[in-house]
Amino acid sequence: MKILFIGKKNDLLVEMAIKHTIQLFGEENVKIVLSSKDDQMPSELFDWQGDYLFSYLAQWIIPQEILNNAKISCINWHPGTPDYPGIGCTNFAMYNEEKIFGITCHKMLSKVDSGEIIEVLRFNILEKDTVFSITQKCYLKIIESYIKTIELISTNQKLNVSKEVWNRKPYTRKDLHSLCRLTIDLNKEEIEKRIKATTFIHPWAYIELYDRKFYLK
């Protein structure tokens, strides 16, 4: 089988996933492309032809032209449940005070987080959890799902199809920016809620005055 693995740069669990992929399919059969948010999509992706495309925390939206080059399937691991497609899923889950969260393994379409769902793995959100700790729990569930899924593929076993479906349209970067924005009409409780939901390692929340953005330190 010929595999295209598109993953996130500088991530230890991504490196673990790559090693496992090579062990199962052979180094000569696995093409690896790593991405960061500011990287442009390399033209070599459009030339690849193979059987499976695996998107593991890829920083790009993969266009249909590339998805079409996988003869069997394209699979993505999304750090959010079907209630939270798109960007900022962990932030919105924290804002909505969810008690349970998780990740979604699904087949890919050109529209973000809309393909047929293979499986959903969930975990509890604790009172002490932060956006950062919830994200790390997602990453652990993603590597668990990834290893299980590609081992099934490597032995030509049929993948399950979940009965779960995406429950809303994907959150956008504009939605996330709106959540980060603080305004003087918000009460103290809402401001604290937004700060908590938009702090990863550093706060993303900001207030805007005279076309200038002032971020929390």
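**Buried polar spots, cores and pockets**

Let's start with Asp 51, which sits in strand β3. Keep in mind as we go that this is a predicted model. So, is Asp 51 buried or exposed? It counts as buried, because its relative accessible area is 13%, and the cut-off for buried is under 20%. Who's around it? If you skip the neighbours within four places in sequence, Asp 51 is in contact with Met 1, Lys 2, Ala 70, Lys 71, Ile 72 and Ser 73.

Asn 29 is in the loop between α1, residues 12-25, and β2, residues 30-35. With a relative accessible area of 17%, Asn 29 is also under the cut-off, so it's buried. Its side chain makes a polar contact with the side chain of Lys 2, at 3.0 Å. Not counting residues up to four places away in sequence, Asn 29 touches Met 1, Lys 2 and Ile 3.

Now over to Trp 48, in the loop between α2 (44-47) and β3 (50-56). Its relative accessibility is 8%, so Trp 48 counts as buried. Leaving aside neighbours within four places in sequence, the contacts of Trp 48 are Lys 2, Ile 3, Leu 4, Lys 31, Leu 53, Asn 69 and Ala 70.

As background, in soluble globular proteins, nonpolar side chains tend to be buried together. Here, the largest nonpolar core has 43 residues, and the ones touching the most other members are Phe 5, Phe 54, Tyr 56, Ile 75, Phe 101 and Tyr 146. Which helix gives the most to this core? That's α5, with nine residues. Take Tyr 56 as an example: beyond four places in sequence, it touches Phe 5, Ile 6, Gly 7, Lys 8, Leu 13, Val 14, Ala 17, Tyr 139, Ile 142, Ile 143 and Tyr 146. There's another core apart from that one, with 14 residues, and our Trp 48 is in it, as are Trp 60, Ala 70 and Met 108.

The largest pocket has a volume of about 1,400 Å³. Of its 48 lining residues, Gln 59, Gly 86, Ile 87, Gly 88 and Arg 173 are the closest to its centre. Elements giving two or more residues to that lining are β4 (70-78), α4 (89-95), β5 (100-107), α5 (131-154), α6 (173-180) and β9 (212-215). The largest share comes from α6, with four residues. By class, you've got 22 nonpolar, 17 polar and nine charged residues in that lining.

And the second largest pocket? How big is its volume? About 240 Å³. Its lining is Met 94, Tyr 95, Glu 97, Glu 98, Lys 99, Ile 125, Leu 126, Glu 127, Asp 129, Lys 193, Lys 196 and Ala 197. The elements that give two or more residues there are α4 and α7, the latter being 188-197, and α7 gives the most, with three. By class, that lining has five nonpolar, no polar and seven charged residues.

That's my tour, thanks.

Methods
Residues numbered from 1 in each chain as written. Predicted model: local features only at pLDDT ≥ 70, side-chain atom pairs only at ≥ 80, totals over all residues. Heavy atoms only, no water. 1 Å grid on protein atoms, 1.4 Å probe; cavity = no way out; pocket = protein on both sides within 12 Å on 5 of 7 lines; lining within 4 Å. Points joined across faces, edges and corners; volume = space filled by probe spheres on them. Nonpolar A, V, L, I, M, F, W, Y, C, P; charged D, E, K, R; others polar. Buried < 20%, exposed > 50% of the residue type's maximum accessible area, 1.4 Å probe, protein only. Polar contact = N/O pair within 3.5 Å; in protein donor to acceptor, adjacent residues only side chain to side chain. Contact = heavy atoms within 4.5 Å. Core = buried A, V, L, I, M, F, W, Y, C linked by side-chain atoms within 4.5 Å.
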